[in-house]
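Please walk through this structure with me, one element at a time.

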Amino acid sequence: MNLPLSIKETQKGLIQKKYSTVELVDEYLKNVEKNKDLNAFITVSDDLAYKKAKQTDSLLKDSNDSLFKSYPLLGCVVAHKDLFLTKGVRTTAGSKVLNSYVPDYSAIAVERLEKAGAIMIGKTNCDAWAHGASGENSDFGPTKNPSNKNYVPGGSSSGSAAAVSAKLCLFSTGTDTGGSIRQPASFCGVYGIKPTYGAVSRYGVIAMASSLDCVGAMANKTDDLQVIINIMKDEDNYDSTVTNKTSKAKTKKPILGVPNEYFSEGIDKEVKDNAQKAIEVYKKLGYEVKNVSLPHTKYAISVYYIIQPAEVSSNLGRYDGVRYGKDRNTFSSEAKRRIMLGTYVLSAGYYDAFYLKAMKVRSKIITDFDNVFKHVDTLIAPVSPTPAFKLGEKLNNPLKMYLADILTAPANLAGIPGLAVPYNSTKDKLPLGFQLLGPRFSENTLFELAKEFEKHHD
Amino acid sequence: MAKLNIKDVEHVAKLAKLSISSKEVSLYQTQLSSVIDYVKNLSEVDTSNTTPTSQTTGLTDVCRNDEVICANEIKKEGYFEIDKLIDK
C-alpha cells in the first residue's frame, strides 16, 4: 500500500474505501517494525491504535465526508514525543527516571488531537528531558536519520522527525525550547512548526524551560500543520500563558527580511547557498526582500544557556523519586550538567552576574526582533549552521553541541513563531531547508508563505 | 567570573541534590567551566538601562473564575464561615 502523505489524501482514501482505517494502521505498524533500527519509538501503542481504528471504521460505515467536519483528523495516525503525557500509555521523557511512569491524564494537546479523530501509534524517542540537538542524549539509545542511518536526525524531537520522514505516522507532535522542532524537522526533510509562545497549552507536557517551551508539530505538508495547530491551540483554563490571539495572514505580499547575522562565516556554505536559493524563489514570485540586522544574535547562546538551565534546574527539582519515577541518581550526565549549570547561575553571589544579566540581554534580543518587524513582515534564514552531522561527532564537547542552537534559540527567547521548510539536500543527500520567523501570533502568514513555496517547488 | 573549581561543582551538586562520583567531578568541572567561560561574553552588552524579561506574553495576574463547592455555604460579608478548626 502507498501510504497517504497528507490529511486530505488519508481521508479521501478512507471515504473512497481504498483502505480501511485498520488496514492503514496495519501498514504504519508494519513500517514501524521494518524500521526498528531507526529507534524512532520508545513505546508503540499498537493495541490502542487498532481499537481506535476499529471505532473509526464503524463511524465511517454509511458515512460521507461531512464526518470530517466533526472529526478533522479522523483516520490520521499521530506519534507523540515522549514528553507528552498520554493517559494509560507509558511516558518517559526519554529518561530512565520515568522508565515505568504511566500517566493518569493526557496533555491538552494530546486530548484535543484525539477528540479530532487522530489515532496515536506510539511515543517517540527524544533527548532525555528534551536536553539536546541530536537525539543522542536519549537514555533509550539515539534515533537514526532516515536519510542516512550514520547521521543524527537532530533533536530533541528526534523520533518525531524521523517517524514522519520514514512514514511511520502521518504527523507527529514535538516541543521547541531552543530549536527542538525546527532543527530535527530540517535535518529529516519534513515541515515543522514552533508556534508563538502562548499559542498552544503546555499542560501535560513535561516541562523543560517554562518561559521557552513551545508545543508544536511536524508533517509532510504545510496545510496539515495549520490544521493540527488550529486544533491544539487556544485557551484551556490550565495554562495561564495561553491566549486566543491569532493574526490573520497578511492580505498583501509580506515583505521578507534576511538577517545578516544568520548568514555569517560560521554557517556551512551549502546551508547558506541553499537558503539564498530559497530567497531567489520568493524574489521570482514577486516578494520584496530586504537585508536586516539582529545585532544581539551573537549573545543568544549565552542568554539561552543561562536562562534555560536555570529553568531546567527548577523544573527537574520535582523528580525526587518519592511521588513518581526513580531517584535523582538515575539522571544521566547531560541532565546533571544542565541542572548544575542552572543551579550555579541562580546561586547566591552569581544570580546578578548571570541570570539577571541574561534576562536583560534577552530584552535586547526581543527589541532586535521588534525593530526589524517594523520594516519587514517575515524573516527567512537557515535553521542550523550545518546539515545533519554524524552520530558521535559532537558527543564529547557539550559546548560545541550548544553552539548549534545559534539560529533557532533567538526565536524562543523572543517567543515568536518559526516554521521550518524542507528544500533540497546536500551533495551527500542529507536534507536541507530554511525557516520563516515572524512576530508573535503571525503563524498564518508563515503558513501562507510556505504554501506559496510548496506550490512552486514540489 | 572565575572558572569553577572542584569545590564549586561539589557545592552546586549538593544544592541540586545530585550525587557526583569523584571520577565525574573533574569532568563536570571542565565542561561546566567551558560553558561559564563562554557566557562571560554577556558582560560586553550595556544593560544599564534595560529591564529584564522573564516571559514574553506580557500577561500578568491571569485568573480563572473559581467554582466553589461547599457543603455548608454560609457567606458573611463576602467570606465563607466555617467551623473552628484549631483550638488553643
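Which residues of helix 1 (residues 7-15) of chain A are buried? They are A:Ile7, A:Thr10, A:Gln11, A:Gly13 and A:Leu14. Around the axis they cover an arc of only 155°, so they lie on the same side of helix 1 of chain A.

Now turn to the other face. Away from the buried side, helix 1 of chain A carries the exposed residues A:Lys8 and A:Lys12. After helix 1 of chain A comes A:Lys17. The phi of A:Lys17 is positive, near 60°.

Next, follow the chain to a strand pair. Strand 7 (residues 256-259) of chain A and strand 8 (residues 289-292) of chain A run parallel. Four bridges join them. Which residue of strand 8 of chain A stands opposite A:Val258? It is A:Asn291.

Step back to the whole chain. Chain A has 15 helices and 11 strands. Its C-alpha trace spans about 65 × 60 × 45 Å along the principal axes. How does the radius of gyration of chain A relate to that of a compact globule, and what is its value? With 458 residues, a compact globule would have a radius of gyration near 23 Å. Chain A has 21 Å, which agrees. Of the 458 residues in chain A, 64% are buried. The contacts can be sorted by sequence separation. Take those in chain A between residues at least 6 apart in sequence: 77% of them join residues at least 24 apart.

Last comes confidence. The model scores ipTM 0.91 and pTM 0.95. For chain B, the mean pLDDT is 88, and 92% of the residues reach 70 or more. Which elements of chain B have the lowest and the highest mean pLDDT? Strand 1 (residues 75-76) of chain B has the lowest, at 74. Helix 1 (residues 6-15) of chain B has the highest, at 95. Where pLDDT is low, the predicted coordinates should not be read in detail.

Technical notes:
Residues are numbered from 1 along each chain as its sequence is written. Chains are lettered from A and ligands numbered from 1 in the order in which they are written. This is a predicted model: local features need pLDDT of at least 70, side-chain atom pairs count only at pLDDT 80 or more; totals for chains, interfaces and linings use all residues. Side-chain values use heavy atoms; hydrogens and water are left out. Buried means under 20% relative accessible area, exposed over 50%, partly exposed in between (1.4 Å probe, protein chains only). Helices (H or I, at least four residues) and strands (E, at least two) are DSSP runs, numbered from the N terminus. The arc is that of the directions from the helix axis to the C-beta atoms. pLDDT is the predictor's confidence in each residue, from 0 to 100. Two strands pair if DSSP finds at least two bridges between them. The radius of gyration is taken over C-alpha atoms; the globule rule is 2.2 Å times the number of residues to the power 0.38. Contact means heavy atoms within 4.5 Å.
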